[in-house]
Every structure is written in structure tokens, then in C-alpha cells.
Amino acid sequence: MLHIYDPKTQTDRDLGTPPPVETGHSVALTIDGQAVTVPEGTSVLRAAAIAGIQIPKLCATDNLDAFGSCRLCAVEIEGRRGLPASCTTPVAEGMSVITQNERVAKLRRNVMELYISDHPLDCLTCSANGDCELQDMAGAVGLRDVRYGYEGENHLDAEKDTSNPYFTFDASKCIVCSRCVRACEEVQGTFALTIDGRGFDSTVAAGQDEDFMDSECVSCGACVQACPTATLMENSVIEQGQPEHSVVTTCAYCGVGCSFKAEMKGNTVVRMVPFKDGQANHGHSCVKGRFAFGYATHPDRLTAPMIRNHIDEPWREVSWEEAIQFAADRIKAIQAKYGQDSVGGITSSRCTNEEAYLVQKLVRTAFGNNNTDTCARVCHSPTGYGLKQTLGESAGTQTFDSVMKADCIVVIGANPTDAHPVFGSQLRRRLREGAKLIVADPRSIDLLKTPHGGEGIHLPLRPGTNVALVNAMAHVVVTEGLEDRVFIAERCDAGEYAAWNAFIREERHSPEATEEITGVPAEQVREAARLYANAGNGAIYYGLGVTEHSQGSTMVMGIANLALATGNIGREGVGVNPLRGQNNVQGSCDMGSFPHELPGYQHVSQDGPRKAFEDAWGVKIDNEPGLRIPNMFDAAIDGSFKGLYVQGEDIAQSDPNTQHVEQALSSLECLIVQDLFLNETAKYAHVLLPGSSFLEKDGTFTNAERRINRVRKVMPALAGKEDWQVTQDLANALGYRMDYSHPEEIMNEIAALTPSFHSVTYQKLDELGSIQWPCNDEHPNGTPIMHEVDFPIGKGKFVLTDYVPTTERTNRRFPLLLTTGRILSQYNVGAQTRRTDNQTWHDQDWLEIHPHDAEERGINDGDWIGLTSRAGNTVLQAKISTRMQPGVVYTTFHHPVSGANVITTDNSDWATNCPEYKVTAVQCEKVAKPSAWQQRHLEQHEKQWGFLKTNPIDEEPVLK
Ligand code: SF4
Ligand code: SF4
Ligand code: SF4
Ligand code: FES
């Protein structure tokens, strides 16, 4: 049965001021004679709203601290003089409030008269008509006339700022309520806006009175959201008019998993509005989820299935039936010729849980092997391994909200303000409240520059030395007696702890001994370790700077050791928290996409779980793990792996050592690519199956806090089929029967077979808004904080984490270390964001280089630089930056032509094969032409887009 989520049943209502800090006490009062009981500290405005009484307001809104500037919310309070503002007046026991009488009505009309006399009278043609609080309030206070006339001094000629591609600032409509300024400070934490001038001359100014685009504004949209007038307005609404209906769904970009209302006109998305009841984002957003949705209707979208016999031939557009049959026939022929194990499938962390589940099921049933893998292989597979070994569950331990109880926040190898922006804003809020910050990163990240966030400790370690650093911190903890002995005695395995204690005490792990390895001064490491261990609540957040190393799994276990030793597990404000890059990295791992695990991390060698799947699916499942992605590439080059089905993943751009990947893909006899666009992988495909965007399907994503969020269809699938339907058709054509009629049925099957999902249903997701797994008989509404009482493996386990240097070393030929990362405006391989106005901020990948290294090589800002590693070479433009330490260069990987992964090597994590993206020895020099790979890439780009008979997407700036 299909459940439609009705946002009207949710509390998506503006109560005027935020909820008070909980004291456990309540207060009874009367409002217009009605008895009301509310928590102590509640404002009169909010108390009235809770009681269903709407007091007019303009400068107040319930996600910002009350400001008390407009005076529209004035009320009469028995026994008090004057007419106090209800937004800044807290309730008091026995208080009697009158919200409406002639006195307050007159005051409110006077206030509105002043506003309206300096406001354009273009309501009927205004883009906010019907969605304007000023208009609403004029009606609410009964304003019928303006006595001051409209001819006096006013701001009606003020210039518009149209510099931002997504919203316009029309100062003529500004009522200087400062909601935008406060939203930028309190919600986003950027402090880009101020009110300039005084009295009548007050205006909103961005930065140092610049255009929005030239200021520090990061285009999160919080000010647009907060503005009660049409002053700050989405360009899409200005162009298309007000939306008419909305559907609540989940952002398909990063692992924060923000909830949005897709506000629609027919089947067109007019705007994405962050959903107030979204339990991961509480009504906030970033530039990607808020504005960068235009890719879904970009002309580059694939709209019809296509096939070809050879990758040097043009595509033939065919029916879905013909494409699916063609793919199935080829897979069967390959298996008949090369054996059952000669084919496999790759799922994507961009797809829904239901889609990922179906792909691995197709591989294990219709293909008949375990050759299934996911792009999580190349990002967080060490998290799965490391946390399973130590804490017994392959997932982060907290909710995002838990950070608001943290006293010391440790961020390792992550850049939340760019890669997880909404959580980055939450982190900044906590830092402004006084929490301490420790950042372990080769680069100085923006979190260290949090306005009003205090001085953080930056541990600028050399790339590849994480394990030595975390061991040094643990050494300080045990040798200085900072461990939590009670927690260790009650919650951890005693024998393993004793062995670990003896190991970590060894002098070779001391900050003094490791200083030479990490480059971080010993005293700084000691200071950081003491701060974390003594803080009360210490919380660790980490990203790909931890996992994408040859010792990624070791480092994850080192982090868990540190948290266990200090008792920072099992309550709010603490924990070990992997920040997952893509929207559904957690989910794609949960769904059994790895070759060694069935859904719910049940190993294929375990007879019980395997039998349950065999019975449910009616097939025998191999009890040996299948091929991982890098094994598939090697086997393809060796000639034993010939067919691959890739759903929603661009392995040719995102996997390391591009030339090796290209060789593997060229060796396949059948590559089936299901995607939105002709991506880099699709250029090697024989079958192209159009994918559906997140707006075109139902399902669920699971975010970095294990939160399962509903994805709801808001428009029909462009090519007629949702992704899960295509996988089902392929299974059926291969002779394995699947007959789901809706993704809800797939979720029901997942719940039946996956212990941590046992009680998950779409109905419950609709009722609760979201659910954090485990959700089962023991935790019927989910589990916000993990390991509160015990661990799934009983006791917490300490693991010996010896530091083993990577084999990727600098030498005279390759004297610099390259590390890679993301930036705010682009997402992953950029296939989506490059097809939006986010290009305005980052239309190419730059090579950041320290002035010292640049000077040594005669490199100036903007020079084209040849970047060479042991794996290959490419050419990028230089940006001189002191964010890097000398000896380290940095780039992003959002643009195919930049070839960042031509440079990265085959080195990988010892336990999971997660590539060592973060450490590549390189040399840089000024060059005058693109690399040989780039020239081939450009030729291939032209050729393959020519085969598609469509204009190619513009290539990014490249040296010609
Ligand atoms: S731009 Fe909007 S939110 Fe900001 S001060 Fe003006 S009216 Fe208020
Ligand atoms: S869009 Fe966000 S960052 Fe930019 S001014 Fe508005 S609130 Fe601040
Ligand atoms: S990209 Fe991430 S932080 Fe931004 S809106 Fe989407 S889920 Fe939220
Ligand atoms: S809403 Fe209370 S003073 Fe503006």
C-alpha cells in the first residue's frame, strides 16, 4: 500500500520563538482567558501560538532568538505597564495576557502603517504575493489606509542585487527586521550579513557592503528562508510564480540527509524548502540541496535506452524491452562462455536502499555469484570493518544533535563546512556555545575559523600519519592516567585492554617519538589528548581523511580505542562518528552490497543468515565472498571477468588510477550502465539504461547517523521507469522472477531478512518522520544513541594499531604529497552539480600549492601545472594557498578533465581495499600543453557525445 506523507499533519508551523532550554519546570498562565501551561522560559508569543492564538509578528520566527524590533507582537499583560513585545517576554506563573483589544490593535496598525508607507505597493505582481508575511500582517491588523502618504522619503528606488545565481536581494522591499542577519549568524554561522546605518538609513549589507557573491555568503538560503517579505527571494519563484503543492522528501547529495519540501507547480519543482521537521536538518540546508536540483531536468538527461555492439559504434535508441533483452542475452552468453563468476554488479551510494538491495539480490540470484560491490568500497569500507571489530556495529554511534552536548569536538580528516554543511553549521553553533575544537588535518579547514567559535587546536599532520597521531594521543591518555577506569572495567574486554595498554604505553608511541613521523609538535599532541580526555563529553567526527589510506581500517580502530579508553561511548555528546560522503553510503553498506556480506552485515559464510536468504530467494548462495571492485578490474584485464552492471556509479571517474580502470572497462564484453547522464563510465558501455533522479522515485536513504529517511516521488520518471523497476526487469529477463509493485514491498522484504531493520515500515517512517536503526522488537522506534548499555559483541574490544608507513613515499623524483578533498558547491564526481549554477563557484579543479613550494618551482597563481605521480600525469591550474603546509599539494576531483584520479595510485587499505586517495607522491612543474591523458580524454569526450547525437556538456577550463 502506498502511503502519502502529509506535511500538514506535521508541526511545520511557525511558533514565533524557539523552544526554551529545558528546566523540567512548567508555568501556568492565561491568554485571552484561556488557561495555558508551557515549559518555563517560553515566550508569551510562543505560548499563545501553542494555545492556537496567533499574535501578529514580523521580526520573530521560531528558529531565531527573539529580537523585539518590530513591536507588532505587542500585548497587554495584567499588572504591567505599557504594551510589551510578546516575543521577548517570557511567561510567568499566574500571568494574564490580553492579545487583542483596541489599544494593541491601534499600536499594531500604526506599526504596519509605517512599514507600508515605505514599501512598494505592487502586491498583485510581487513574486511573494500569497506568501508574504508583511501582506498577511497588514490583513491581520486590519490596515485599510496609510495616513503618511507614499510621497515622503523612501527606499523604493533601492537597487537589486542579482549577483547570486539562485536568489535576488531587492532592497526596496526590505523592512529591516534583521531576520536574514540573524539567520546567517544563528542558523548558518557564516556572519555574512549586517545591518548598516541607523534609523531610516538602516539597510542590510552583505560582507563589507559588497554583492552577495563577493561576500563570505555560502548561498545556504537561510536568509531567503527567514525573510518575511519578497526582499530575499528565490529566482525560481520570481520566474515561475508561487508553488501550489509540496511533497516532503530527502536531499540526494551528502550524508547529512536533509529533509526538504519539494514545492511544485504540476510536475515542476519550483523550489526546495528545507523541512522544519526534518530530524537531521531542522529546517536548514546548504547550497546543493536547496538550490542545485536543476540537473534533474537538464537537457543532458538520458531519456531512452540505448545499445551498441562495440564501444566504438554509435548508440542505437531502442525500447526498454529490447535493451533489457539485449543486456540479459549478453550476460547469459558471457556466463556460458566464461563461467558463472565472470559477471558482477556495482551498486551506488547515490541510489535508494531499495535499489541497492535489489542490485545485490540480482547479482546473488540471477547472476548466481557474490560479485557485488558498492562505491562505499572507495570511501567508508574501513569504517564498516574497523567499527565492527571494536564496537561490534558498522555504523556511527550518535545523532547529529548529540554534538550539542559535546564539550570537546575532535574532527579528523573531515571538512564538515564544505562536505557536510548543515552539520558543519550545527558544529559551529556548539563551538559558539563554548565547546572546544581539535582538528587533525594536513590543511587548515574553515571550522578552525568559526566566527565567535574560540581558538581550536590544529594538529597539521603529514598525510599518511594518522595512526601514529592517534596512537600518540592514546599514549598520553594511558601514561598520564586520563583513562576512564570504571568504563573500561565495566564495558570493555579486560584481557584485550591489558594487552593494548602495554602496547600503547611503549615509548615508540609517545608524542615525542612520533613527532618526527607526524610533523606535529609533541606538546600540541599532549594538549589535545588532555583536552579530549578531560573534557567531560568528547566526541570524534571523522571523514575520508581517515579511511582513504593504506591504514584506513587501522585508524578507524585507533579512534575507537581512544574513545573506549576515555569512556566516550554510549551517551549523548560523545561517540565515534563517521561523516559519510554521499547521501546513502550507510544504506548501500547496510543493504548487503559488499561481496562478503548479506544485508545487515551478515557474512556470507554464516550458515544461519545465508539459509534465511536462500529460503526467501529460492536460490543457493555461495558461502565464499565474491570480487571487490579492484578485483573486478584486475580480473577484467586478465580476461576472466567480462560483464558488469553498474547502477548510478561513475567508476571511471571516481576510482583511483584512471588508466587502469579504463583498461579494465575496455576489456569487458558487456558493460551495462544505468545512470542519469552519459558519464565517464558510460563511454565504455554497451547498454545504456536511463536512470531516475531522486525526484522521480520512492524509497529510502540512510544518512550518516543511521537515520532512514523517506524519498518520495514528486514527478514521473523521465524515461518511464524508476531504477528499481529496471533492475527487476533485468532479473526477470535473466530468468529470476521478481514482481514487486512498489519499493515499499522491497523494504518489507529487507525488514524481514535484516535484524537491524526488523520493525522498519513505510507506515512507521511516515508516522515518526524517520527512524535510526537498529529498529526491532527491542527498539521499536529506533536507536538514536548506540551502545548505551552494551555492545553487540558484548564487551568493547581494543585492537593493537601499529603504525605502518605507506609505501607511497616522496623521493627526489616525487618530492611532494598530493591529497584530495571536496568543496562546498560541487558534489562527488560533479555529474549533478556541474549541470547547475553551482558551476559559478567552482568550474574547475585547482591545484592548491604552498607559496614556498610554488616559489621553488617558479609557479605563479593561475599557471598551468603538470602534476606527475607514479601512476600518471595531468595538468591543472595553480592556486597559491597557505592552507597547505609546505610539501603538500591539494586538489578536488569534481571535474573529469582534471584527471585527479589519473594521479592516484593502486595503493589501498590493507583490510578493505579502500584506495589510498589521500597520499600520492607527486612532482609539479609549469607546462604549456595538456597531458597525453587529457588529450585522449577530450577526444573520447567528443567522440562518445557524438555517438549520442547530442551536444556535449561544456568541458571545464583546460589548457588547450
Ligand atoms: S532582507 Fe528580509 S529578512 Fe532581511 S531585514 Fe530585510 S525584510 Fe528582514
Ligand atoms: S545565503 Fe546563507 S550564507 Fe549567504 S547571506 Fe544568506 S544566510 Fe548567510
Ligand atoms: S547536501 Fe547535505 S547538507 Fe546540503 S542540503 Fe543536502 S543533505 Fe543537507
Ligand atoms: S515579532 Fe515581536 S517585536 Fe517583532
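Where does S178 lie? S178 lies in the loop between strand β6 (167–170) and helix α4, where helices are DSSP runs of H or I with at least four residues, strands are runs of E with at least two, and the numbering goes from the N terminus. The phi of S178 is near 65°, a positive value in a residue other than glycine. Most residues other than glycine have a negative phi, and most peptide bonds are trans.

Before I go on, let me say what we are looking at. This is a predicted model, in which local features need pLDDT of at least 70 and side-chain atom pairs count only at pLDDT 80 or more, while totals for chains, interfaces and linings use all residues. Residues are numbered from 1 along each chain as its sequence is written, chains are lettered from A and ligands numbered from 1 in the order in which they are written, and side-chain values use heavy atoms, with hydrogens and water left out.

S178 also brings us to the ligands. Of the 14 residues around ligand 1, the ones that come nearest are C174, C177, S178, C180 and C227, where a residue is near a molecule or strand if one of its heavy atoms lies within 4 Å of it. By class, that shell around ligand 1 has 10 nonpolar, 3 polar and 1 charged residues; here Ala, Val, Leu, Ile, Met, Phe, Trp, Tyr, Cys and Pro count as nonpolar, Asp, Glu, Lys and Arg as charged, and the others, Gly among them, as polar.

Ligand 2 is surrounded by residues that include the cysteines C184, C217, C220 and C223, together with F167, Q188 and F212. The elements that give two or more residues to this shell are α4 and α5 (222–226), and the shell around ligand 2 divides into 9 nonpolar, 3 polar and no charged residues.

Around ligand 3 we find, among others, C251, C254, C258 and C286, along with K288, P421 and V422. Helices α7 (287–291) and α12 (421–432) each supply at least two residues of that shell, whose classes are 9 nonpolar, 2 polar and 1 charged.

Axes are lines fitted to C-alpha atoms, for helices over the stretch in contact, and angles run from 0 to 180 degrees between N-to-C directions.

What about α2 (residues 102–117) and α3 (residues 133–140)? Their axes come within 10 Å and cross at roughly 140°, so α2 and α3 are oblique to each other. On the α2 side M112, Y115 and I116 meet L134, M137 and A138 in α3, and the residues of this contact divide into 6 nonpolar, no polar and no charged.

A further pair is α9 (residues 353–367) with α26 (residues 743–753), which pack at an angle of about 70° with their axes 9 Å apart, and which are therefore roughly perpendicular to each other. The contact is made by residues including Y357 and L358 of α9 and I746 and M747 of α26, and its classes are 7 nonpolar, 1 polar and 3 charged.

Residues 103–142 are 57% helix and 0% strand, with end C-alpha atoms 14 Å apart, whereas residues 244–300 are 9% helix and 35% strand, with end C-alpha atoms 27 Å apart.

Lastly, a backbone detail: W773 and P774 are joined by a cis peptide bond, with omega about 0°, and P774 is found in the loop between β29 (770–772) and β30 (816–821).

Note on methods:
Angles under 35 degrees count as roughly parallel, over 145 as roughly antiparallel, 65 to 115 as roughly perpendicular and the rest as oblique. Contact means heavy atoms within 4.5 Å.
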